Amino acid sequence: MKKLSSADACRRFRSYLSDVLGESAPVEMRAEADAHRERCSDCAEEYLLAVRVEQGLGLLPELVPVQETGTQLDRMFASAPGADLAFDPTQPVELTVGCQDFRDMLGDFISEELPVGTLLDGVEHASACRPCGDELTAMQTMQDTLRNLPELEPPARIFTQLMARLDAEEAEAPAAEAAPGKVKQLATARSKLLPVLG
Amino acid sequence: MQSLAIMNTPEPGVDQEPDVVTRAVNGDRPAFEELYHKYVRKIFNLVYRMVGSAQEAEEVTQEVFYQAYKNLTGFQGRSKFYTWIFRIATNVTLQYVKKKSRHRRDTSFDDVTDAMLPPTGTASGTDPEKEVQSRALYRALDSAVRRLPPNQRAVMILGPIQGHTYEQMAAILGTNEEVIKGRLHRARENIREFLKEER
């Protein structure tokens with residue numbers, strides 16, 4: 001995608017971005033936004049990010065009740081390739097992954113713990129079913145945010161204090177070895193108890 | 001919808017590990033130091049998220065490695081060293097959290113400061129409104145994880161935050177994958193509840 005847009009067009013796009021996201025923008029404005037995104041990679045990226053943030057903060061939505069199978073089928077067949085092929089709507093249709101199956105597998109899906117085939121079935125379902133797609137986006141946003149939580153740098157003093165503790169103990173051990181009878185037993189018992197007692 | 005990569009976090013440098021582990025088990029202190037440096041960051045952050053304070057995390061992390069050193073001779077290589085040391089870390093930390101909650105009902109956590117949060121990487125890079133929103137999301141999730149019961153907190157930290165697989169988590173926590181899945185599911189549901197409360 002080439003960057004063809006002028007700075008003004010980008011500014012204009014950014015100014016009505018929230019209306020477009022909030023679905024309050026008129027049709028013409030949406031069309032203009034879509035056309036601009038086609039031309040400008042920065043704004044396209046900005047839009048995608050804004051969608052994610054929007055979903056993230058509207059995030060963690062109420063659980064969406066699983067839709068009736070018929071509604072899912074309507075939506076899936078309407079958008080599926082070959083949707084115009086004849087089929088008998090009165091006959092039961094076997095779905096690879098239904099809404100309930102998808103919700104059941106969502107945790108594994110997010111954790112990337114599914115076999116490739118099942119994963120692709122899940123992706124297909126989420127693409128065809130908006131409530132499940134939204135649910136997946138919210139969970140994915142949560143997952144991504146958790147994965148990016150900051151890590152602290154462990155202070156170097158943990159190491160120096162640990163080494164000092166081990167040195168002290170090793171210096172003590174030969175003394176215990178050399179001590180006769182009960183003194184030796186007491187020294188050994190003490191060294192065993194110290195870590196427990198802290 | 002974002003594309004999903006099938007990716008499990010690899011255990012860091014395990015291929016080169018047996019030799020250094022063997023040397024450490026045989027009492028070679030430099031080998032143990034090498035293992036310390038390899039794992040301290042992940043373990044310190046695991047402990048920090050569990051106990052909630054950097055100062056306490058220092059003490060507990062030191063105890064984790066102290067216990068590992070003292071018990072090295074008991075490491076028989078039936079599990080990977082990586083799993084073994086993470087098991088010690090979670091056991092010592094859960095023990096500490098339990099002990100602490102017996103003595104003090106409220107758990108005090110460090111505040112998350114803006115300096116501790118990673119850059120949010122917005123495309124514009126300078127949109128302050130988006131930056132604030134993204135930081136709010138980080139904060140909300142961070143504090144929600146802190147409110148989880150210790151067992152659920154442990155799986156959320158090991159899995160979604162640190163990227164361990166179900167199999168690795170089950171080995172570390174000494175349980176099976178079904179239990180891990182169940183805990184993760186409950187943890188995610190709890191987080192959603194906590195976030196709803198904050199909205």
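**Figure 1. Helix α7 of chain A in a predicted model.** Helix α7(A) comprises 18 residues and spans 25 Å from its first C-alpha to its last, close to the 26 Å expected at 1.5 Å a residue; the expected span is 1.5 Å times one less than the number of residues. Helices (H or I, at least four residues) and strands (E, at least two) are DSSP runs, numbered from the N terminus. The buried residues of α7(A) include P131(A), C132(A), E135(A), L136(A) and Q140(A), and also T141(A), M142(A), Q143(A), T145(A) and L146(A). A residue is buried if 20 or more other C-beta atoms lie within 10 Å of its own, exposed if 12 or fewer, and partly exposed in between, with C-beta atoms placed from the backbone. In this predicted model, local features need pLDDT of at least 70 and side-chain atom pairs count only at pLDDT 80 or more, while totals for chains, interfaces and linings use all residues. Residues are numbered from 1 along each chain as its sequence is written, and chains are lettered from A and ligands numbered from 1 in the order in which they are written.

**Figure 2. Confidence along chain A.** The mean pLDDT of chain A is 71, and 61% of its residues reach 70 or more; pLDDT is the predictor's confidence in each residue, from 0 to 100. Among the elements of chain A, the highest mean pLDDT (87) belongs to helix α7 (residues 130–147), and the lowest (49) to helix α9 (residues 181–197). Over residues 1–5 of chain A, pLDDT stays under 50, and the model has 10 contacts for them beyond four places in sequence. Residues 67–71 of chain A likewise stay under 50, with five such contacts. Two residues are in contact if their C-beta atoms, placed from the backbone, lie within 7 Å.

**Figure 3. The helices of chains A and B.** Chain A contains nine helices and zero strands, whereas chain B contains eight helices and zero strands. Of the 198 residues of chain A, 20% count as buried; of the 199 residues of chain B, the figure is 37%. Among contacts in chain B between residues at least 6 apart in sequence, 62% join residues at least 24 apart.

**Figure 4. The largest nonpolar core.** This core has 58 residues, and those with the most contacts inside it are V47(B), V64(B), I85(B) and A89(B). Helix α2 (residues 29–51) of chain B contributes the most to this core, with 12 residues. At least three residues of the core come from each of domain 1 (13–104) and domain 2 (128–199) of chain B, the domain bounds being those of an automatic or database domain assignment. A nonpolar core is a set of buried Ala, Val, Leu, Ile, Met, Phe, Trp, Tyr and Cys residues joined through C-beta atoms within 7 Å. Not counting residues up to four places away in sequence, A89(B) touches I43(B), L46(B), V47(B) and V64(B).

**Figure 5. F86(B) in helix α4.** F86(B) lies in helix α4 (residues 81–103) of chain B. This residue is buried because 26 other C-beta atoms lie within 10 Å. F86(B) and L158(B), 72 residues apart in sequence, are 9.5 Å apart in space, C-alpha to C-alpha.

**Figure 6. R147(B) in a loop of chain B.** R147(B) lies in the loop between α5 (128–146) and α6 (150–161) of chain B. With 15 C-beta neighbours inside 10 Å, R147(B) counts as partly exposed. The C-alpha atoms of R147(B) and I191(B) are separated by 8.3 Å, although the two residues are 44 residues apart along the chain.
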